[in-house]
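Here is a short briefing on a protein model.

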Amino acid sequence: MSADPQLVTEAELELAVERKLEHEKAGDIDPEAGDYIDEIYDIVDAVVSRTDDPTLPALTIRVWILGVFFGFLLALVNTLFTFRTNTITLNPFIAVLLAYPIGIAMGNVFPKVTVLGVSLNPGKFNFKEHALIYVFASTCSGPAYALYNIIGQRYQLYQEDLSVVACVFFGIVTQCFGYGLAGLCRRYLVRPAAMLWPSNLSTIALLNSLHQEDVDPALPLSRFSYFWIITGVIFVWEWIPGLIAPLITAISILCYVAPKTGDRGQMMRLLGSGYNGMGMLSFSFDWSLISYLAPITTPLWALVNQVLGLWVFLWVLTPILWVHNAFGIDFSLGAAPVDGPNGSGLFPLGQALNTAALFTKDGIRISARSFVNKADLSLNDEVYNESQPIYITTYFALLTFGTASARRCATLDTADVHAKMMDVYPEVPDLWYIILLVANIITAIGVCQWGGFQLPWWGVLLGFLLALVSMIPIGTIQAISGQQIGLNVMSEFLIGLILPGRIAAVMAFKTFSYMAMAQGLLLVSDLKLGHYIKIPPRAMFTVQLFSTIMAVIRQHLHLLLYLRALWQGHRDFRRCRADHLGAAGPRAPYRLERQRLQRLPERRRHLGRHRPRALLRPGPGSPYVSTLWGFLIGAVLPVVPWVMHRFFPDGYWHLVNIPVIMTVPLDPGSILSIMITPLLVGILVNYVVKKYHHAWWKKYAYVTSAALDCGTAIALTVIFFIFVFNENAPKLPRYALNRYDPELCAPDYYQTCNERYDDPNYDPTTDPECMYFGSAS
């Protein structure tokens, strides 16, 4: 054995290989599972060191100062970014980059003294400190899911008596709910080598670029230099799709070749549009869209499964059902002139498909608030009965009800070299997580019972149990593929059956059950990052818990102040628009239109208000009962590749993962031009380059991903504050690459009327073609 217990020698590696072969001969390990573990080690070894120095300080005063500062900054900016049409977040990589020179300077300037037992300068700024600052920033960067409850109840449903204190505590308990589950599941989702968690690899690659010196005569360009070159290139490039030429954000081929008139041309435009349709054959040159599927860090087999599922769902199944009016009046939804290209422009293609809007039995868009009793946020049965059945688009129906799938969990290797190195550090006792879990459940019951969220105590417990039984199977899929299967639809469906018409309760239950699982897995991912980097578990626990509570308080207070300012000027939340924009069109990706804030509460209220029983029960009043077949299909399909693999063991059936295929990580209203370019990028990097230039791939692949993300985030941040947030920002001129309809799918007069309305001297009353343009809302 090696003298240093944290170093693994070649002899030890050879011994591990011999033991693995012995287990395979004995039948203890499936050889194909062994091949998978070998692939995992190949991926991990490209960025993760097999050495550790336990004497390096981790949770230092520098971590607290820089972590709190950048955590506050990201919480502030990303809460505001939530209001964008194409929702992005300010990447925590920016905090990593900015913290690096500051951390180095603090190591050189701070006196080496100890105050109250805390060293002000424990030495050189190191890798572990930097990783903990990233965890601070990462935890704070994502807006709390509970924000949507607050917006939905307080500002969209006018529950103005919902107190700020109740809102903040609701946010804290929903964000911290998953800590107990994460801690109790870490031995299954963190320690095994097969639990890859690919999203962590680009983070480690970035940290390596900043902290490790790499000397390779064959590849003399250092990771550090390479990172900054790629960051600079993508920073310059993102100004083109982000501001100068939005047309290349979504290049929709079918819209270019579709006939100008006739039903065939209309169908081609709607199916081909990335903004308003299904994005068929639409591709993008905008990394902020391409990176949505993480094509470099996601294993190629998982990316292929994901894209294949999107193709089948969006390009085959949805169009077939839509054209044949599978749910009754699919083809007529959104066809009313009032919302068409010469009306409000909400559906500029003349029909609705990629939207979360609700429609009456006559296909007319209807406001969701009209069904709500404002006194208690319950269903107004009288109004609902007059309007039913309520319709949603084919895409929204399948996305909401039809993609339920079975989960499967494999038996996986439970020990690796990194787990051995982590054993030197004191572990966080399970009791800490249990105490935190119990405290959160008790607080959640109090907030929901008496804080205005209307969820009974047993609803909180039911949400916890739903998350508990889903944590390991869903976590396993996410750990090996990078794709998460959410509980959002299942939780809405379940509580909608139990508490029909209780809108606030449905919203609260979904947030508790979904966030207990989703936030728990986010924390597990950070635990795996600490596992790779060898951060002491108790230091990681402290940073995760503190940063979560800090971010929730900051985000909620900032959001409430921001919405209060909007509220004073615009009583109707949906009319709060930002018109001083640089990008083109009413659905351009950089507008501040609050699409996500509008559609997510919409779906929750949809199931709570319209009752799953009414929507899905057999009979003429339930157009979506056929989507229940999704549960049976999802339960049966995972068996198919398993059976096929038994008959054809030399094929690729073992790489087919039905839960990943059935996952559609998109919301209605998203830009759907993400199903071609990410796949091409993944094949190029993780097949062609990896196979034929393996040394280059091992050194630069994940650094490339980190640099592209960083440069894009910096560019979008600069664009946002200069051209969107700034009320005095100049408007860019309209030309061929910066049109109101950036993908050339809408009728010509949509572009023409928008241009005429730009003229301050234009009088629409004298123009019959555009007289009513934009008059409806």
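The points below are grouped by topic.

This is a predicted model, where local features need pLDDT of at least 70, side-chain atom pairs count only at pLDDT 80 or more, and totals for chains, interfaces and linings use all residues. Residues are numbered from 1 along each chain as its sequence is written, and side-chain values use heavy atoms, with hydrogens and water left out.

**Disulfide**
- The structure holds one disulfide (a pair of cysteine sulfur atoms within 2.5 Å).
- Cys-255 and Cys-745 form this link, with 1.8 Å from S to S.
- The link of Cys-255 and Cys-745 is right-handed, at 95° about the S-S bond.
- Cys-255 sits in helix H10 (residues 253–257) and Cys-745 in the loop between helix H28 (694–724) and helix H29 (748–758), so the pair ties together parts 490 residues apart in sequence.
- Helices are DSSP runs of H or I with at least four residues, numbered from the N terminus.

**Cysteine burial**
- Both Cys-255 and Cys-745 are buried (under 20% relative accessible area, with a 1.4 Å probe and protein chains only).
- Cys-140 is buried, at 0% relative accessibility.
- Cys-185 is buried too, at 5% relative accessible area.

**Nonpolar surface patch**
- Leu-431, Trp-432, Ile-434, Ile-435, Val-438 and Ile-442 make up a nonpolar surface patch, with about 560 Å² of accessible area together.
- Patch residues have over 30% relative accessible area and no salt bridge, and nonpolar side chains are joined within 5 Å.
- A salt bridge is a side-chain nitrogen of Lys or Arg within 4 Å of a carboxyl oxygen of Asp or Glu.
- Accessible areas come from the Shrake-Rupley method with a 1.4 Å probe.
- Ile-435 lies in helix H17 (residues 430–450).
- Ile-435 is exposed, at 51% relative accessible area (exposed means over 50%).

Terms used. Patch = residues over 30% accessible without salt bridge, like charges linked within 9 Å, V, L, I, M, F, W, Y side chains within 5 Å. Helix = DSSP H or I, 4+ residues; strand = E, 2+ residues; numbered from the N terminus.
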